[in-house]
Amino acid sequence: MRHPELLIPAGSLPVLKTAVRYGADAVYIGGETMSLRAKARNFSAGEMREGIEFAHRYGKKVYVTANIFARDSDLDEAARYFGELESMEPDALLIADPGMFRLARRCAPAVPIHISTQANTTNSESAVFWHDLGASRIVTARELSISELKELRRRIPPDLELEVFVHGAMCISYSGRCLLSSYLAGRDANRGACTHPCRWRYAVMEETRPGEYMPVEENERGTYIFNSRDLCMIDHLPDLYEAGIDSFKVEGRMKTALYVATCARAYRMAMRDYETDPALYESRRASYRGKVAEGTYRRFTTGFFYGRPGRDDLIYDSNTYRRTYIYLGTVNDIDSRERAVILQKNKFLAGDVIEIMKPDGRDVKVQVLGIFDRDGLEQPSAPHPQQELHLALDAEAEPGDILRMAEQPEGV
């Protein structure tokens, strides 16, 4: 049986460490330039070096995105950037632009190159073209079906790897190459500055009736006519294995540590079960989607894997995420009084019952016995994001554990 890699996103150094702890085989990250997620926190040179060293210490890989479509004004900076990256020894660069590919080959010849999904590779001739130039992996266009992926695998060299998105947000435009943001907001999605206008609410306005908005359909507030459901293939893993995919990729470099931990742990569990015994995976198949839905999501779809998506694969009444749990923080340390040290992310109270989310799959319910600031002063609640807190819990926590709290229903 092929053993695909589980590839998880990270928008910051703490999230990279979470991905590694919770089951990722590899992590993809972006620097402060040349990446298509300019609004993510991203990595400084020092953080990138530390993140790569951390991942390698645990036998994991790090891929660095440099997948913008460059202008001439970008090229000198790109050349310097690639030279700096080579000294950090990432495991690959993710590139879409042929010019950026040439620069990377010249300025960082020791670093393997993966071809980004932005390059829209949909056929074997394109894949072999990139392979002949020296690429070691293709991130396929997101519009390919399972049957097309099987045929692509059959036609390309055995040493050319295929990476496929299996989970996360879907873009309304072809393989993410979109002009909406540039046209409507003056921010170019192909240079990392997307404002996500596909998630906006739209209505019709007739030319001679300015200011009179008419809903397109379904909702009195308007409609979200470009708003796709999120991709989720966790209960279809056998088809991906049989198609010969080398890397299962989760989308989400803008997401929290809780989202990353939830996705990494759920897919790791499902992949481990399938590789141990396909019958074991089948017996638990119904539970995997519930596990991955513990992170934020916009309902689920299988995207293009089983044919062209239809109207049921879009969401017309909302652009908001569903969530089951609230992220409270990651345990960074245990202090001398056996209290869990976190940087607080969302409000909670002394006396609340919360969960410790363990990398091994356990979820341990605990009560917050006390909340203390860094000077040891007790406080009744945690209302200030990014405050360092020391928590007295009635069960043991360990560094790297995620603390979360069940979302309360509306009106409670």
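1. Basis. In this predicted model, local features need pLDDT of at least 70 and side-chain atom pairs count only at pLDDT 80 or more, while totals for chains, interfaces and linings use all residues. Residues are numbered from 1 along each chain as its sequence is written, and side-chain values use heavy atoms, with hydrogens and water left out.

2. Main core. The largest nonpolar core has 95 residues; such a core is a set of buried Ala, Val, Leu, Ile, Met, Phe, Trp, Tyr and Cys residues joined through side-chain atoms within 4.5 Å. Buried means under 20% relative accessible area, exposed over 50%, and partly exposed in between (1.4 Å probe, protein chains only). The members touching the most others are L16, I29, M48, F82, I95 and L237. Helix α9 (residues 257–276) gives the most to this core, 12 residues. Helices (H or I, at least four residues) and strands (E, at least two) are DSSP runs, numbered from the N terminus.

3. Second core. A separate core of 18 residues includes L328, A382, L393 and L403.

4. Strand β7. Seven of the eight residues of β7 (residues 161–168) are buried, so the strand is largely enclosed by the rest of the structure. Two strands pair if DSSP finds at least two bridges between them. Strand β6 (residues 137–139) runs parallel to β7, joined by three bridges, with R137 partnered by E161. Strand β11 (residues 247–250) is also parallel to β7, over four bridges; here E163 is partnered by S247. Strand β10 (residues 230–232) pairs with β7 in the antiparallel sense over two bridges, and H167 has C232 as its bridge partner.

5. Salt bridges. The structure holds 25 of them, each a side-chain nitrogen of Lys or Arg within 4 Å of a carboxyl oxygen of Asp or Glu. E251 and K255 form one at 4.0 Å, N to O; E251 is buried at 11% relative accessible area, and K255 is buried at 15%. R362 and D360 meet at 2.9 Å, N to O; R362 is partly exposed at 44%, whereas D360 is exposed at 52%.

6. R404 and E294 form a salt bridge with the closest N and O atoms 3.1 Å apart. R404 lies in strand β20 (residues 402–406) and E294 in the loop between α10 (278–292) and β12 (300–301), 110 residues apart. Both residues are buried.
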